Amino acid sequence: MHRYAKSKDTKAKLAPKQKISYEKKSDPAITEYATQSLNWLRKAEFLMSAPKLNLCVEDSGYEIAFAGRSNAGKSSAINALTNQRQLARASKKPGRTQMINFFSLGNPDQRLVDLPGYGYAAVPEAMKIVWQKELENYLIHRQSLQGLVLLMDIRHPLQHFDLMMLEWAYSRKLFVHILLTKADKLNRGPANKTLLEVKQQLKKMKLSFSIQLFSSLNKLGLEELASVMAGRLNYTLNKNLDGIDIDQIPLATEDDVNE
Ligand SMILES: Nc1nc2c(ncn2[C@@H]2O[C@H](COP(=O)(O)OP(=O)(O)OP(=O)(O)O)[C@@H](O)[C@H]2O)c(=O)[nH]1
Ligand SMILES: [Mg+2]
């Protein structure tokens, strides 16, 4: 090596220090979409309860259903999302939601549905079978159903019931958005680890899905959930947002969805 040539190390020391920012800049248009979606969801109003599929509201328009094992946090999530304490009744007693509950979102053709929790131990076996059949009926045959929000307690993901729901969703190519609920029960490290593991499992199932951490208690993940729901329910924004052209926001690709 030439006597005067500077070593790599010295060169690095002499180079002006560059500041590298790891901060992810949020896109103002996307943030605005999430905020508007949340405001829209706050218009939720109770429509009706049905004990079975053929007594549900007319199968027209669009709806998104919340499903999950009993006690997974469905009713709490709906209340947090709509910013209404008692819209869907949450309970310390599992098995509280025993009907298919419909909520309108601004108009009766855009709906949110709270499905009965599955697996409540105190329900007799025969009753569980009836409910399972009703759920299957609803998921397979409901034409207005645009997607499923599947809630799983982050401490017990992918139980038998969840796999059954995912199979039904797959059989009719239904989009599934997964919430790992009660994320406040875990520290951030273990929570992210579970998120990654569940995502890997789901990728193997070739489903069309997205997944996120969620906590009704801490209001974690509300905006993300609201945006997904608005997208699925064909909620169109008021296009006169301050200088933002919504049409310029690139459409999500399958990769984004599975990220
Ligand atoms: N720590 C914590 N607890 C929660 C959260 N969400 C719900 N819970 C609690 O979990 C219990 C069950 O919540 P629900 O929302 O009633 O659950 P569900 O899925 O609607 O239950 P079913 O109606 O039986 O199907 C209640 O005691 C809630 O307070 C959360 O994000 N964090
Ligand atoms: Mg409930």
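**Close-up views of a predicted model**

**View 1. Strands S1 and S3 lie side by side in the antiparallel sense.** Strand S1, which covers residues 44-50, runs antiparallel to S3, and the two are joined by six bridges. In this predicted model, Ser-49 stands opposite Asn-101, a residue of S3. Strand S3 itself spans residues 100-105 and is mostly covered, since five of its six residues are buried.

**View 2. S3 and S4 form a hairpin.** Strand S4, made of residues 107-114, also pairs with S3 in the antiparallel sense, here over five bridges. One residue lies between the two strands, and Gly-106 in the turn has a positive phi of about 85°.

**View 3. Ala-169 is a buried residue of helix H5.** Helix H5 takes in residues 160-171, and Ala-169 is found within this stretch. Ala-169 counts as buried because 23 other C-beta atoms lie within 10 Å, and the cut-off for a buried residue is 20 or more. Leaving aside residues up to four places away in sequence, Ala-169 touches Leu-139, Leu-148, Leu-174, Val-176 and Leu-207. Leu-139 is 30 residues from Ala-169 in sequence, yet their C-alpha atoms are 7.2 Å apart in space.

**View 4. The largest nonpolar core contains 55 residues.** Within this core, Phe-66, Leu-148 and Leu-150 touch the most other members. Leu-148 is also among the residues that Ala-169 touches. When residues up to four places away in sequence are not counted, the contacts of Leu-150 are Ala-67, Gly-68, Asp-162, Met-165, Val-176 and Ile-178. In soluble globular proteins, nonpolar side chains tend to be buried together.

Key. Residues numbered from 1 in each chain as written. Chains lettered and ligands numbered in written order. Predicted model: local features only at pLDDT ≥ 70, side-chain atom pairs only at ≥ 80, totals over all residues. Helix = DSSP H or I, 4+ residues; strand = E, 2+ residues; numbered from the N terminus. Buried ≥ 20, exposed ≤ 12 C-beta atoms within 10 Å, placed from the backbone. Contact = placed C-beta atoms within 7 Å. Core = buried A, V, L, I, M, F, W, Y, C linked by C-beta atoms within 7 Å. Pairing = 2+ DSSP bridges.
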